[in-house]
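Here is a two-chain model to look at, with questions on how its elements are arranged.

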Amino acid sequence: MSGRAFESFMARIYVDAGARARFRENPRAEAQRAGLSEEECSALENTDFVGLEMAARSFARKRQMKQQKGFLFSARRLLRRFFTDRAALFRRP
Amino acid sequence: MNAFHDRLGLGWRADLAAGILSHLDRIDLLEVIADDFFSAPRREVRALKTLSSQVPVVLHGVGMGLASCAPVETKLLENMARLVEQVRPQFWSEHLAFVRGGGMEIGHLAASPRTRDTLDGAAENLSRASRLIGSKPIMENIATLINPPGSTLSESAWISAILDASDCDLLLDLHNVYANGLNHGYDPGDFLRQIPSARMGVIHIAGGEFISSPDGRQRIVDDHLHDVPDPVFELLEEAAAISPNPLTVILERDGAYPSMDCLLAQIELARQALARGRARRTALQEVLL
């Protein structure tokens, strides 16, 4: 198996709901479209689609949480800079 | 600490900071999520350095994706190397997982196809990480809701082969073993006996949630939002009975935080499970002698 191509395919299936739906509909065709080998296409036909959907949803929640955390972190940093700058302004002789 | 020099620790979380700092007499070490500090302000890293000068600290990475055919990004290794240099942890750890592919970030730890390719890729990545960071990571088994498609090796055989090829030790997450056993239909006790006990150095315990899947089966999500269930303490006793090494057991909790007393009670239950396992090990050794 060409591991990197297979991992890229799995990453896309986890992240992209459209690609996942097409994969569920016709696993072999979607795997062939990604250029995977015959052996890899066959392996993907035996995918546990229920587990795949549950895992994908769990990953989507994690990405959302990370985004929120990143936003809060940036907002906190901007606020800190704003108040630091204001304090410096008042300290100026 | 017992005669085997086992230790019990807790995952450092900002929400738990006050409770942890006021109970350091009952917590032997703290595990800090390294990725939270890679782009943190300098004063936060200074605070972490101060913490590590007061209590043993270990760093736990979550974003490298070392069990992959793709080479791990140098920038990620440099981030960890810098933090290790600054904090001087007792050790650092990461996961046997991939987290990205083809330019897409999955967002969390995904189970790699258990093949010869990912095994070789992991060994290569671990070798590079060890060289650049200056010490070998301790590698953790992950929980997965899906048995990774394309696998040609069992989970225990794949993990054992990576540890062997990389000469890394295992961070054995017992809730992940319990969850995978239930989700994929194997006996967690058998799994414990199939992995090399001499590689077991660190153990995670945590809790998760049973959910009904659309196919009518029950699966466990390893969410770290619940108390440690009894079967995990039973697995901890088994691990202590078979491991020849001093064990570092770390309780992970990522949210829905209970009282500090509740967390300390779970650490105490872990201490008791360790003691039972170690007593069995001692009794067996005496019989063999």
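Helices and strands are here DSSP runs, of at least four residues for helices and at least two for strands, numbered from the N terminus. The model is predicted.

Q: In which loop of chain B does B:Arg88 lie, and is B:Arg88 buried or exposed?
A: B:Arg88 lies in the loop between helix H3 (74–87) and strand S4 (92–95) of chain B. Its phi is positive, about 55°, although B:Arg88 is not a glycine. Most residues other than glycine have a negative phi. Because 12 other C-beta atoms lie within 10 Å, and a residue with 12 or fewer counts as exposed, B:Arg88 is exposed.

Q: Is B:His224, whose phi is near 60°, buried or exposed?
A: B:His224 is found in the loop between strand S11 (218–221) and H8 of chain B, and its phi is a positive value in a residue other than glycine. A residue is buried if 20 or more other C-beta atoms lie within 10 Å of its own. B:His224 has 20 other C-beta atoms within 10 Å and is therefore buried.

Q: How does B:Glu78 count by its C-beta neighbours, and how many Å separate B:Glu78 from B:Ser93, C-alpha to C-alpha?
A: B:Glu78 is found in helix H3 of chain B. With 13 C-beta neighbours inside 10 Å, B:Glu78 counts as partly exposed, because that class lies between 12 or fewer for exposed and 20 or more for buried. B:Glu78 and B:Ser93 are 15 residues apart in sequence, and in space their C-alpha atoms are apart by 15 Å.

Q: Which strands of chain B pair with S2(B), and what unit do S2(B), helix H2 and S3(B) make?
A: Strand S1 (residues 7–11) of chain B pairs with S2(B) in the parallel sense over 3 bridges, with B:Leu10 opposite B:Leu30. Strand S3 (residues 57–60) of chain B also pairs with S2(B) in the parallel sense, here over 4 bridges, and B:Ile33 stands opposite B:His60. S2 (residues 29–33) is mostly covered, since 4 of its 5 residues are buried. Taken with helix H2 (residues 42–54), S2(B) and S3(B) make a right-handed β-α-β unit.

Q: Against which elements of chain B do the buried residues of H9(B) pack, and what span should its 29 residues have?
A: The buried residues of H9(B) include B:Leu263, B:Ile267, B:Ala270 and B:Leu274. They pack against S1, strand S9 (200–205), helix H8 (230–242) and strand S12 (248–251) of chain B.

Q: Which elements of chain A give two or more residues to the side that touches chain B?
A: The contact takes 27 residues from chain A and 28 residues from chain B. By class, the side of chain A that touches chain B has 13 nonpolar, 6 polar and 8 charged residues. The elements that give two or more residues to this side are helix H1 (3–15), helix H4 (38–45) and helix H5 (49–91) of chain A.

Q: With which residues of chain B is A:Met54 in contact?
A: A:Met54 has its place in helix H5 of chain A and, with 20 C-beta neighbours inside 10 Å, counts as buried. A:Met54 and A:Tyr14 are 40 residues apart in sequence but 9.8 Å apart in space, C-alpha to C-alpha. Leaving aside neighbours within four places in sequence, A:Met54 is in contact with B:Leu145, B:Ser213 and B:Arg219.

Q: What distance separates the centres of domain 1 and domain 2 of chain A?
A: The domain assignment of chain A gives domain 1 (1–47) and domain 2 (60–93). Taken over C-alpha atoms, their centres are separated by 41 Å.

Methods
Residues numbered from 1 in each chain as written. Chains lettered and ligands numbered in written order. Predicted model: local features only at pLDDT ≥ 70, side-chain atom pairs only at ≥ 80, totals over all residues. Contact = placed C-beta atoms within 7 Å. Nonpolar A, V, L, I, M, F, W, Y, C, P; charged D, E, K, R; others polar. Pairing = 2+ DSSP bridges. Right-handed = clockwise from strand over helix to strand, strands pointing away. Domains from an automatic or database assignment.
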